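Work through the exercises below with the model open. Try each task before reading its solution.

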Amino acid sequence: MTHETWSQLLQAHVVATDDGASTAVDYAGFAQDQATFQSYLTQLSSVSNAQFEEWSEADQLAFLINAYNAFTVALILTKWPDLESIKDIGGWFSSPWKQAFISLLGEKVSLDHIEHTWIRGAGRYEDPRIHFAVNCASIGCPALRNEAYTGAQLNDQLNQQTRQFLSDRSRNRLDQGTVYLSSIFKWYREDFEKGWRGYSSLGSFLADYGDALGATESQRRSWRESTPEVSILSYDWRLNSIR
């Protein structure tokens with residue numbers, strides 16, 4: 001399937017912020033474009049598991065990332081504008097990520113299922129850069145990209161997302177030898193150390209993208225040998241809406 005409709009919606013309702021380091025979402029605009037948005041969600045839901053299995057891994061992963069991001073926006077719209085955080089949806093025993101409201105690949109699933117079972121747990125993709133592509137509708141998240149992911153462009157898009165996130169000094173920075181990182185690197189550290197492209201440590205991953213953090217060549221070489229001192233920053237769960 002194509003994701004042109006999703007790209008058009010993102011280009012219309014996602015704007016750059018912080019000199020391009022991040023983005024903000026015009027949820028009111030999405031609400032006004034509800035018919036077009038719903039048609040895209042229906043298009044996603046119409047894909048069968050058999051069709052999905054015929055695609056390349058890159059097309060599969062692009063589909064799953066787009067689905068996660070689109071259904072996250074849909075979830076926000078169920079409470080918009082009466083919420084300040086995605087965490088306002090649900091309750092003590094029903095987190096927003098565990099609500100099975102999504103029809104996808106012949107199943108009724110949650111956002112957690114898409115991310116942790118299909119994307120992270122399938123044993124197919126093993127790409128830690130997905131953490132800079134899936135968007136949890138919060139300021140602390142990596143930017144919601146203003147175009148859809150596609151199989152043909154996926155590697156370049158994920159590289160761009162990774163560098164953009166690491167370049168955002170409100171979320172990641174290097175200060176006097178200590179690397180201050182987003183909580184994402186704490187929650188999912190194992191994904192950066194399980195051997196994707198030969199990375200067996202967080203340091204080796206950071207070394208390859210160290211220019212985005214402002215690291216010197218000497219620092220990057222040392223990170224390949226041993227992970228630098230890391231301090232985890234607090235996560236901002238406020239809604240990533242236009243303010």
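**Exercise 1: Aromatic pairs**

The count comes to 22 aromatic pairs, where rings of Phe, Tyr and Trp (its six-membered ring) pair if their centres lie within 6.5 Å. The model is predicted: local features need pLDDT of at least 70, side-chain atom pairs count only at pLDDT 80 or more, and totals for chains, interfaces and linings use all residues. Residues are numbered from 1 along each chain as its sequence is written, and side-chain values use heavy atoms, with hydrogens and water left out.

Task: classify the pair Trp-187 and Trp-237 as stacked, tilted or edge-to-face.

Solution.
- Planes under 30 degrees apart count as stacked, over 60 as edge-to-face and the rest as tilted.
- The ring centres of Trp-187 and Trp-237 are 6.0 Å apart and the planes are at 25°, so this pair is stacked.
- Trp-187 belongs to helix H8 (residues 184-187) and Trp-237 to the segment after strand E7 (230-232), so the pair ties together parts 50 residues apart in sequence. Helices (H or I, at least four residues) and strands (E, at least two) are DSSP runs, numbered from the N terminus.

**Exercise 2: Accessibility**

Task: decide whether Trp-187, Trp-237, Gly-123 and Asp-33 are buried, partly exposed or exposed.

Solution.
- Buried means under 20% relative accessible area, exposed over 50%, partly exposed in between (1.4 Å probe, protein chains only).
- Trp-187 has 39%, so it is partly exposed.
- Trp-237 has 22% and is partly exposed.
- Gly-123 has 53%, so it is exposed. Gly-123 sits in the loop between helix H6 (111-119) and helix H7 (154-167).
- Asp-33 has 28% and is partly exposed. Asp-33 sits in the loop between helix H2 (27-32) and H3.

**Exercise 3: Helix packing**

Task: describe how H1 and H3 pack.

Solution.
- Two packed helices are described by the angle between their axes and the distance between the axes.
- The axes of H1 (residues 4-13) and H3 (residues 34-45) come within 9 Å and cross at roughly 145°. Axes are lines fitted to C-alpha atoms, for helices over the stretch in contact, and angles run from 0 to 180 degrees between N-to-C directions.
- Thr-5, Trp-6 and Leu-9 of H1 meet Thr-36, Phe-37, Ser-39 and Tyr-40 of H3 in this contact (heavy atoms within 4.5 Å).

**Exercise 4: Asp-33**

Task: which residues does Asp-33 contact, leaving aside its neighbours within four places in sequence?

Solution.
- Asp-33 is in contact with Leu-9 and His-13.
- Asp-33 and Ala-12 are 21 residues apart in sequence and 9.7 Å apart in space, C-alpha to C-alpha.
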